[in-house]
Amino acid sequence: MMTVGVAEYNEYIHQKELSGEDVLDIIFEPKAEWKPGNGFGVEEYINAIHPKIPGKKRQGQVALLHRVGDGEDGKGEWSTTYCRTEDAAEKAKAYLSTGAGRDLYVSMATFKRRRVSSEVCTIESTYLDLDYHKTSLCGRCPKAVAKNVIHDLEEAGKPLPSFILSSGRGLLCVWLHEMLGSKVMSKWAAVQKRLGKPLARYNPDKSAADAARIFRLVGSINSKADDSRNRVQLVWGDPANLHRYKFNDLADAWLPHTKAQLLSMADERAKRNAGKRKKRKRPDGLAMGLWSTRMEDIQNLIKHRSPDGRIEKGMQDKFLFIYTCALSHTTKPEAILPVIRAKATEWSGGTWTESSTDGAMGTAYRKAVAALAGETVEWNGEQVDIRYRFKSSTIIDWLDISEDEMGDAGLRDLCSAQIKAERSTARSKAWRIEKKGQKASREEQRHERLLIGRQANVLREQGKSYTDICSELDRSRAYISDAIKEAKVSTDNGTYSIGATHYTPFETRTLVSQAVRVIVAGSDSLSNSPPSVSSNKEGRKCITLTGATHYAPFETRTLSLQDTSRTNPDDDFPGDVIVGPWKRSDILTIEDTFDLTDRRWS
């Protein structure tokens, strides 16, 4: 059965044929220009991120990137066009009208010559790319997801975006602000890193936060998205009244410290450091510690992942960039390019040429040259050199390093805090054993402490003071005191000694705790029959030792056990501390906290 749409289309073709037109011309006739229903089209978008200045010429060039073919590797063939800011809107509209609107991108900043971070001229927005198609929200309506984003920002007390675009499979949140130059890029980058904190559940793209980033143009087609939502368009915001923030207000809202607080902290730091000798730095500005360790970690990680030393496609540029940044901190600039070219050839299997390596890693190289020349930027109220710096956690995320790889590859810096803590504990223990002669195990430490305690007891019986004992045994007073206490419950030639009373199995066991004394005589085994208790104190009624029994001062009670069926393993190990059916106490009572009929000597 023919549908209504097909019937109408066939009727349309029939009418065109009757008029004498070529059917092929009808099928491939150019489509009408896309017009947004909300009034936010190509020109409005370009003017928002690159506003025109009446009577003035804007500095820098806008970069337009569009796909010209699919390419042999499947990544596509791309063409980059640079134009003046005043001509960017007309240029973009021309691409859309000629059918080149599939996968069309525009830069968020203007550049001096090329689209790299070191060539940024001006920028007038901060932005956040949310790849929510990689989360449980995949397939949800972009407008509904945008409303949730606004709700989460309001809950976190953060500024709302000026507008939000649907990019086909994700969202682009844009905060407009006044024009910023290259000298403020460090503070701008700090704000960029904070934008994704309250929106973590939408999977913000951390790699799309640099100033050289390009995003899809409004009205273009995302070839990766479903046909129902492949058009890039506005999903939240008022096109007629887009709010433009003051950048300092945005920075105060997103950064942990406001500008006034940073100035105050810098002033206090200057006062504290007044008169102090400054740390000496290498004259060449190189630092061989942290970044050298990271270079070793990167090479060990590559060997662990691939014995032949090659990096998988899609990760090569990340490894090379981090390694280039490490070289900028540890190697003189003239040696960076030869080293990174050799590494690119080795890790890619020869697919990276010298020109492609120089172009991709040129920004890090130029920053190394600028740092050597003394160029600095402001960071947290201080002037620091212009080279890239990254936290270990950032590099771990970029290189996708797992917990297992951290241990198996023997990574020293690019590993979690838990692994670093465990290694630090092991190193400290090894140092104590090697340098201070500490015993390797708890049992060895305990055995040595018992010997020291027995020696101290002998010296005490000879009338020596604690000071003399500590000096003779070369131990602290606290150590000697603890050793003497522990030696009171010890073994000596198979005879247990508690306090000053010695006994052997089947003999009398005496526990002395201040003014309390209990004597338990019997076997080294237990039976299921209830015990009987005798007392040496006349007129005292005997009771069964079951549950919690309190002993009166200076009373001796004897426990007789008959019908023995189980042996006491404690008697087989005379070197172990006796654990009897009582709890030692520093007060004038001793509590038996176990049921003797069910208690097993252990």
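Lys-206 is exposed, with a relative accessible area of 57%; here exposed denotes over 50% relative accessible area, buried under 20%, and partly exposed the range in between, for a 1.4 Å probe and protein chains only. Lys-206 forms a salt bridge with Asp-397, the closest N and O atoms being 3.3 Å apart. A salt bridge is taken as a side-chain nitrogen of Lys or Arg within 4 Å of a carboxyl oxygen of Asp or Glu. Lys-206 belongs to the loop between helix H6 (185-194) and E8, and Asp-397 to helix H13 (residues 392-399), so the pair ties together parts that are 191 residues apart in sequence. Asp-397 itself is partly exposed, at 45% relative accessibility. Helices (H or I, at least four residues) and strands (E, at least two) are DSSP runs, numbered from the N terminus.

The structure is a predicted model, in which local features need pLDDT of at least 70 and side-chain atom pairs count only at pLDDT 80 or more, whereas totals for chains, interfaces and linings use all residues. Residues are numbered from 1 along each chain as its sequence is written, and side-chain values use heavy atoms, with hydrogens and water left out.

The predictor's confidence in each residue is expressed as pLDDT, from 0 to 100. The chain has a mean pLDDT of 76, and 71% of its residues reach 70 or more. Over residues 21-31 the pLDDT is below 50, and this stretch has 8 contacts in the model beyond near neighbours in sequence; a contact means heavy atoms within 4.5 Å. Residues 491-602 also stay under 50 in pLDDT, and for them the model has 202 contacts beyond four places in sequence. Where pLDDT is low, the predicted coordinates should not be read in detail.

As to the chain overall, there are 18 helices and 23 strands. Buried residues make up 39% of the 602 residues. Among contacts with a separation of 6 or more, 66% are between residues 24 or more positions apart.

A search of the whole structure finds 21 salt bridges. One of these joins the side chains of Arg-67 and Asp-103, at 2.9 Å from N to O. Arg-67 lies in strand E1 (residues 61-69) and Asp-103 in the loop between helix H4 (85-97) and strand E3 (104-107), so this pair ties together parts that are 36 residues apart in sequence. Arg-67 counts as buried at 16% relative accessibility, and Asp-103 is buried with a relative accessible area of 1%. Asp-103 also meets Arg-216 in a salt bridge of 2.8 Å, N to O. This second pair links distant parts of the chain, with Arg-216 in strand E8 (residues 214-216), 113 residues apart from Asp-103. Arg-216 is likewise buried, at 12% relative accessibility. Most residues other than glycine have a negative phi.

Trp-78 lies in strand E2 (residues 77-84) and is partly exposed, with a relative accessible area of 34%. Leaving aside neighbours within four places in sequence, Trp-78 is in contact with Leu-65, His-66, Arg-67, Val-68, Asp-103 and Tyr-105. The C-alpha atoms of Trp-78 and Val-68 are separated by 5.5 Å, although the two residues are 10 residues apart along the chain.

Lys-343 is buried, with a relative accessible area of 15%. Beyond its neighbours within four places in sequence, Lys-343 is in contact with Gln-299, Leu-320 and Tyr-323.

Helix H17 (residues 466-473) and helix H18 (residues 477-487) pack at an angle of about 100°, with their axes 9 Å apart. Axes are lines fitted to C-alpha atoms, for helices over the stretch in contact, and angles run from 0 to 180 degrees between N-to-C directions. H17 and H18 are therefore roughly perpendicular to each other, a term for angles of 65 to 115 degrees, with those under 35 counted as roughly parallel, over 145 as roughly antiparallel and the rest as oblique. On the H17 side, Tyr-466, Thr-467, Ile-469, Cys-470 and Leu-473 meet Arg-477, Ile-480 and Ile-484 in H18. Between H17 and H18 lies a loop that holds Asp-474. Asp-474 has a positive phi of about 55° although it is not a glycine, and it is exposed, with a relative accessible area of 61%.
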